[in-house]
Amino acid sequence: MSNRTFTMIKPDATEKGFTGAILAKINAAGFRIVAMKMIQLSKEKAGQFYEVHKERPFYGELVDFMSRSPITAAILEKDNAVEDFRKLIGATNPANAEEGTIRKLYAANVGENAVHGSDSDENAKIEADFFFSKLEQF
Ligand code: CMP
């Protein structure tokens, strides 16, 4: 799945009405949407998705935030998808994100940072399969 990555438009961006603008930016950067759904995560599901961060001090806050409002989950296709998408979204903390990146434009702070992007091909597949059945991945 080296040409695919997984993203979520997070609750802060949903609440502020940025979903359409973020999707347009993703398309304009050459990514093709090959799966997409808008859903609200339960605390249990948000906790499972971010299980790797379980021991971090911000885990509880992260689970509360990610289950607060609906998110838009999507699988994106493009050559070098994981790396190129991380460039497009910018640094985890929007204060450190480059001008023009999605987090610089739309994120409030390191916790509420508008979008998620997979950090490796392996995690992209795990995360995509967490949200989408085979029949939902085009
Ligand atoms: P994401 O890239 O989706 O993966 C882990 C998430 O944890 C990250 O985005 C942020 O939303 C959140 N996160 C990372 N660091 C912090 C932090 N220092 N304080 C609060 N939340 C954080």
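In the predicted model, helix 2, which spans residues 19-28, has four buried residues listed along its length: Thr19, Ile22, Leu23 and Ile26. These residues lie on the same side of helix 2, because the arc that they cover around the axis is only 100°. Just after helix 2, the backbone at Gly30 adopts a positive phi of about 95°.

The residues around the ligand come from several parts of the sequence and include Lys10, Tyr50, His53, Phe58, Glu61 and Leu62. Also around the ligand are Arg103, Val110, Gly111, Asn113 and His116. In the side chain of Lys10, an N or O atom is placed 2.7 Å from an oxygen atom of the ligand. For Tyr50, the distance between an N or O atom of the side chain and an oxygen atom of the ligand is likewise 2.7 Å. Gly111 contributes through its backbone, where an N or O atom lies 3.0 Å from a ligand oxygen atom. On its own, the ligand has 460 Å² of accessible area, of which the protein covers 79%.

Backbone angles were examined next. Most residues other than glycine have a negative phi. Asn80 belongs to the loop that runs between strand 3 (71-77) and helix 5 (81-89). With a relative accessible area of 39%, Asn80 is partly exposed, because this value falls between the limits of 20% for buried and 50% for exposed residues.

A positive phi, of about 70°, also occurs at Ala114, again a residue that is not a glycine. Ala114 is located in the loop between helix 6 (102-106) and strand 4 (115-117). The relative accessibility of Ala114 is 0%, and Ala114 therefore counts as buried.

Helix 5 contains Glu83. The relative accessible area of Glu83 is 45%, so this residue is classed as partly exposed. Between Glu83 and Ile9 there is a separation of 74 residues in sequence, and the C-alpha atoms of the two residues are 18 Å apart in space.

Technical notes. Residues are numbered from 1 along each chain as its sequence is written. This is a predicted model: local features need pLDDT of at least 70, side-chain atom pairs count only at pLDDT 80 or more; totals for chains, interfaces and linings use all residues. Side-chain values use heavy atoms; hydrogens and water are left out. Buried means under 20% relative accessible area, exposed over 50%, partly exposed in between (1.4 Å probe, protein chains only). Helices (H or I, at least four residues) and strands (E, at least two) are DSSP runs, numbered from the N terminus. The arc is that of the directions from the helix axis to the C-beta atoms. A residue is near a molecule or strand if one of its heavy atoms lies within 4 Å of it. A polar contact is a pair of N or O atoms within 3.5 Å; within protein, one must be able to donate a hydrogen and the other to accept it, and residues adjacent in sequence count only if both atoms are side-chain atoms. Accessible areas come from the Shrake-Rupley method with a 1.4 Å probe; for residues, only the protein chains shown count as cover.
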